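I opened my notebook to go through this one piece by piece.

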Amino acid sequence: MEQDDPAEALTELRERRLGALELLQAAAGSGLAAYAVWALVLQPGFRRVPLRLQVPYVGASARQVEHVLSLLRGRPGKTVDLGSGDGRIVLAAHRCGLRPAVGYELNPWLVALARLHAWRAGCAGSICYHREDLWKVSLRDCRNVSVFLAPSVLPLLEDKLRAELPAGARVVSGRFPLPTWQPVAMLGEGLDRVWAYEVPGDGGNSSWEAVSSRLPLDQAAPGSTSASVPGTPVSQPG
């Protein structure tokens, strides 16, 4: 009985086409790998949050971060990023002088990654990342707020911002605008667009009604990438 040549067996294995069973096994393996990523990286932050308040993590692009900073640069007071993910916006805010800069993120893996980025940048002792549900965070001492959240939760976020933010605070929303507030400025195009909003001076209902009744920004000149609402201050890109 002849023994198989290992070299020939290896060559035959390489040349053989994958059958249906092998393809099914490969697909199953890929699915398990994707589930492992979900279970380890994304799911831990969702277990403690009701389904309607869950927001999947999608990191901000470099252009989006740049636009957020342009609309916040030079403003005093505490800056927070709600759902800070890997901490890129908080780190960039600290670097451009927005201090203190704080991130709130529920997913422990992303919080650990954010702290690693801060440590590598030499800012570990100056930036705070908290593993905390953004819906339970008090915003009463925050002057600048950055949010990159899904449209489904923005109406609820409006209620929280309206109830907690002090007068004169600024909110910058990326990817999607707040549904009922009128922005004082916007910057960028497409998915890179961000909108800036300001809390009325006295925080009363009449002021909120005045803000909501202003003309929408889509009446600005065609082709412009930034615009303002008449009668409100606009932060110019730095």
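I took helices (H or I, at least four residues) and strands (E, at least two) as DSSP runs, numbered from the N terminus. My residue numbers start from 1 along each chain as its sequence is written. I am working with a predicted model, where local features need pLDDT of at least 70, side-chain atom pairs count only at pLDDT 80 or more, totals for chains, interfaces and linings use all residues, and side-chain values use heavy atoms, with hydrogens and water left out.

**Confidence**

I began with pLDDT, the predictor's confidence in each residue, from 0 to 100. The mean for the protein chain is 78, and 61% of its residues reach 70 or more. I found pLDDT under 50 over residues 204-224, a stretch with 28 contacts (heavy atoms within 4.5 Å) beyond four places in sequence. Residues 227-238 also have pLDDT below 50, with 30 contacts in the model beyond near neighbours in sequence. I reminded myself that where pLDDT is low, the predicted coordinates should not be read in detail.

**Helix 3**

How many residues of helix 3 are buried? I used buried for under 20% relative accessible area, exposed for over 50% and partly exposed for in between, with a 1.4 Å probe and protein chains only. Helix 3 (residues 62-72) has 8 of its 11 residues buried, so the rest of the structure largely encloses it. I listed Gln 64, Val 65, His 67, Val 68, Leu 69, Ser 70, Leu 71 and Leu 72 as the buried ones. They pack against several elements, among them strand 1 (78-82), helix 4 (88-95) and strand 4 (142-147). Just past helix 3, I noted Gly 74 with a positive phi of about 90 degrees.

**Helix 4 and what follows**

Helix 4 is mostly covered too, with 6 of its 8 residues buried. I wrote down Ile 89, Val 90, Leu 91, Ala 92, Ala 93 and His 94. Their cover includes helix 3, strand 1, strand 2, helix 5, strand 3 and strand 4.

Which two residues does a cis peptide bond join? I found Arg 99 and Pro 100, with omega about 0 degrees. Pro 100 sits in the loop between helix 4 and strand 2 (101-105). For context, most residues other than glycine have a negative phi, and most peptide bonds are trans.

**Two loop residues**

Arg 175 is not a glycine, yet I read a positive phi of about 75 degrees for it. Arg 175 lies in the loop between strand 5 and strand 6, and it counts as buried because its relative accessible area is 16%.

I then went to Trp 135, in the loop between strand 3 (128-131) and strand 4. Trp 135 has a relative accessible area of 17%, so I logged it as buried. Its C-alpha atom is 7.9 Å from that of Lys 160, 25 residues apart along the chain.

**Cysteines**

I counted 0 disulfides, taking a disulfide as a pair of cysteine sulfur atoms within 2.5 Å. Cys 96 is partly exposed because its relative accessibility is 24%, and Cys 128 is partly exposed at 37%.

**Helix 5**

Is Leu 113 buried or partly exposed? I placed Leu 113 in helix 5 (residues 108-120), and its relative accessibility is 32%, so it counts as partly exposed.
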